[in-house]
Amino acid sequence: LRDCKVYRLNIAVFPEIQASHSVQVLPTLVLYDSGKEVFRYEANVLFTLTATKKQVQNKINSIIMSKF
């Protein structure tokens with residue numbers, strides 16, 4: 001992914017972060033802008049994230065472009 005920072009979090013090690021960000025299912029991908037959540041992708045019932053890398057990048061691009 002371009003134009004973003006990517007972080008991975010082990011919720012077994014940091015359950016307080018899981019709770020404070022309302023992560024209910026894994027995997028979950030949360031997009032933030034200036035520290036505020038702006039979009040979230042969550043896994044389906046098979047614990048599979050259905051969003052493609054292209055879809056996520058398009059969402060990142062739209063968040064960036066919305067500032068202009």
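How many helices and strands are there in the protein chain? There are two helices and two strands.

## Model and overall layout

This is a predicted model, in which local features need pLDDT of at least 70 and side-chain atom pairs count only at pLDDT 80 or more, while totals for chains, interfaces and linings use all residues. Residues are numbered from 1 along each chain as its sequence is written, and side-chain values use heavy atoms, with hydrogens and water left out.

Along the sequence, the elements of the protein chain follow the pattern α-β-β-α. Helices (H or I, at least four residues) and strands (E, at least two) are DSSP runs, numbered from the N terminus. Taken along the principal axes, the C-alpha atoms of the chain fill a box of roughly 40 × 25 × 15 Å.

Of the 68 residues in the protein chain, 16% are buried. Buried means under 20% relative accessible area, exposed means over 50%, and partly exposed lies in between (1.4 Å probe, protein chains only). A contact means heavy atoms within 4.5 Å. Among contacts between residues at least 6 apart in sequence, 33% join residues at least 24 apart.

## The nonpolar core

The largest nonpolar core has six residues: Leu-31, Tyr-41, Ala-51, Val-56, Ile-60 and Ile-63. H2 gives the most to this core, with three residues. A nonpolar core is defined as a set of buried Ala, Val, Leu, Ile, Met, Phe, Trp, Tyr and Cys residues joined through side-chain atoms within 4.5 Å.

Val-56, one of the core residues, touches Leu-1, Leu-29, Leu-31, Tyr-41 and Ala-51, not counting residues up to four places away in sequence.

## Gln-57 in helix H2

Gln-57 belongs to helix H2, which covers residues 53–65. Gln-57 counts as buried because its relative accessibility is 7%.

Residues up to four places away in sequence aside, Gln-57 touches Leu-1 and Arg-2. The side chain of Gln-57 reaches the backbone nitrogen of Arg-2 at 2.7 Å. A polar contact is a pair of N or O atoms within 3.5 Å; within protein, one must be able to donate a hydrogen and the other to accept it, and residues adjacent in sequence count only if both atoms are side-chain atoms.

## Val-38 in strand S2

Val-38 is placed in strand S2 (residues 36–42). Its relative accessible area is 40%, so Val-38 is partly exposed.

Neighbours within four places in sequence aside, Val-38 is in contact with Leu-31, Tyr-32, Asp-33 and Ile-63. Val-38 and Ile-60 are 22 residues apart along the chain, and their C-alpha atoms are separated by 9.9 Å.

## The largest pocket

About 1000 Å³ of space lies in the largest pocket. Of the 26 residues that line this pocket, Tyr-7, Arg-8, Thr-28, Leu-29 and Val-30 are the closest to its centre. Helix H1 (15–20), strand S1 (28–33) and H2 are the elements that give two or more residues to the lining. S1 gives the most, with six residues. On a 1 Å grid over the protein atoms alone, a pocket is an open set of points where a 1.4 Å probe fits, with protein on both sides within 12 Å along at least five of seven lines; lining residues have an atom within 4 Å of a point. Grid points are joined across faces, edges and corners, and the volume is the space filled by probe spheres set on the points.

The lining of the largest pocket divides into 18 nonpolar, three polar and five charged residues. Here Ala, Val, Leu, Ile, Met, Phe, Trp, Tyr, Cys and Pro count as nonpolar, Asp, Glu, Lys and Arg as charged, and the others, Gly among them, as polar.

## Backbone features in the loops

Most residues other than glycine have a negative phi, and most peptide bonds are trans. In the loop between H1 and S1, which holds Pro-27, a cis peptide bond joins Leu-26 and Pro-27, with omega about -5°.

Ser-22 lies in the loop between H1 and S1 and has a positive phi, near 55°. With a relative accessible area of 41%, Ser-22 is partly exposed. Ser-34, in the loop between S1 and S2, has a positive phi of about 55° although it is not a glycine. Ser-34 counts as exposed, at 69% relative accessibility.
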